[in-house]
Amino acid sequence: MAAADASQEKNSGLEARKALAEKVYAALAKAIPEPKAELKYSSVYELLTAVMLSAQATDKSVNAVTGELFRLAPTPAKMLELGEERVRDIVKTVGLANTKAKHIIEAAEILVSEFNGEVPETMEELVRLPGVGEKTAKVVLNVGFGKGVIAVDTHILRVAHRLGLSSAKTPSGVSKDLEAITPEKYIRNAHHYLLLHGRYTCKAQRPLCGSCPLAALCRYSEKK
């Protein structure tokens, strides 16, 4: 009997979070009518490379170097021709530049040798690339290929916790929770809705609760 009650409570909680998610995305879709990546790119390969560079760095700092990088090396083959030393020199102002340059070249080698220079469309294949973890892979799958997955960074983790959309402690856990409750019509843009909201409104320090479109739905706002 206890197991049945626990299952019923779990299902009830899931339905409540689905209903909350519907309201959250509806409000964000109205507040952010054209959500889009702030990283600059013109192909899936450039997106992959830009996201690899963005780890522990700002989009602004990445955009400052990718103009030259992508002009010289818009494909994995061209990136290999450019070489690790030249890549490192171009991206030196981005955090962890040495490691990222190494990973960019190693990833390009695999893309050329195993995928005919194309970026693969599965999680399993993407995370085989050096410097590509679950978050980077999901950004590429969602933004580059239109897959219904949600990459979770620190902004999205914070927003999901404050709104009560997930209580999971890890980005992977929050991602799983969000994917389970996000309505199909919002799944394509969910990552950017939550990311942009966290970046500009639901900030870690001094969130703009007074002008937040989600204030009426937010647990954090109620506590302030």
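Read along its sequence, the protein chain follows the pattern α-α-α-α-α-α-α-α-α-α-α-α-α. The model is a predicted one. Taken along the principal axes, the C-alpha atoms fill a box of roughly 60 × 40 × 25 Å. Of the 224 residues in the chain, 45% are buried. Among contacts between residues at least 6 apart in sequence, 60% join residues at least 24 apart.

**Helix H2 and its surroundings**

Helix H2 covers residues 44–54. Just after H2, Gln56 takes a positive phi of about 55 degrees.

Thr66 lies in helix H3, which spans residues 59–72. The relative accessible area of Thr66 is 3%, and therefore Thr66 counts as buried. When neighbours within four places in sequence are left aside, Thr66 is in contact with Lys40, Leu53 and Arg71.

**Two pairs of packed helices**

Two packed helices are described by the angle between their axes and the distance between the axes. The table presents two such pairs.

| Helix pair | Distance between axes | Crossing angle |
|---|---|---|
| H2 (residues 44–54) and H8 (residues 134–145) | within 10 Å | roughly 150 degrees |
| H9 (residues 154–163) and H10 (residues 171–181) | within 10 Å | roughly 60 degrees |

How are H2 and H8 oriented to each other, roughly parallel or roughly antiparallel? Their axes cross at roughly 150 degrees, and H2 and H8 are therefore roughly antiparallel. H2 passes H8 in a right-handed crossing. On the H2 side, the contact is made by Val44, Leu47, Leu48, Val51 and Met52, and on the H8 side by Thr136, Val139, Val140, Val143, Gly144 and Phe145. By class, these residues divide into nine nonpolar, two polar and no charged. An α-helix has 3.6 residues a turn, so residues three or four places apart point the same way.

The second pair has its own geometry. The axes of H9 and H10 cross at roughly 60 degrees, which makes H9 oblique to H10. Their crossing is left-handed. In H9, the residues Ile156, Leu157, Ala160 and His161 meet Pro171, Val174 and Leu178 in H10. The contact of H9 with H10 has six nonpolar residues, one polar residue and no charged residues.

**Cysteines**

How many disulfides does the model contain? A disulfide requires a pair of cysteine sulfur atoms within 2.5 Å, and by this rule the count is zero. Cys209 is in no disulfide, and the nearest cysteine sulfur, that of Cys218, is 6.3 Å away. Cys212 is likewise in no disulfide; for Cys212 too, the nearest cysteine sulfur is that of Cys218, at 6.3 Å. Cys209 has a relative accessible area of 18% and is therefore buried. With a relative accessible area of 17%, Cys212 is also buried.

Notes
Residues are numbered from 1 along each chain as its sequence is written. This is a predicted model: local features need pLDDT of at least 70, side-chain atom pairs count only at pLDDT 80 or more; totals for chains, interfaces and linings use all residues. Side-chain values use heavy atoms; hydrogens and water are left out. Buried means under 20% relative accessible area, exposed over 50%, partly exposed in between (1.4 Å probe, protein chains only). Axes are lines fitted to C-alpha atoms, for helices over the stretch in contact, and angles run from 0 to 180 degrees between N-to-C directions. Helices (H or I, at least four residues) and strands (E, at least two) are DSSP runs, numbered from the N terminus. Angles under 35 degrees count as roughly parallel, over 145 as roughly antiparallel, 65 to 115 as roughly perpendicular and the rest as oblique. A crossing is left-handed if the near helix is turned anticlockwise from the far one by less than a right angle, and right-handed if clockwise. Contact means heavy atoms within 4.5 Å. Ala, Val, Leu, Ile, Met, Phe, Trp, Tyr, Cys and Pro count as nonpolar, Asp, Glu, Lys and Arg as charged, and the others, Gly among them, as polar.
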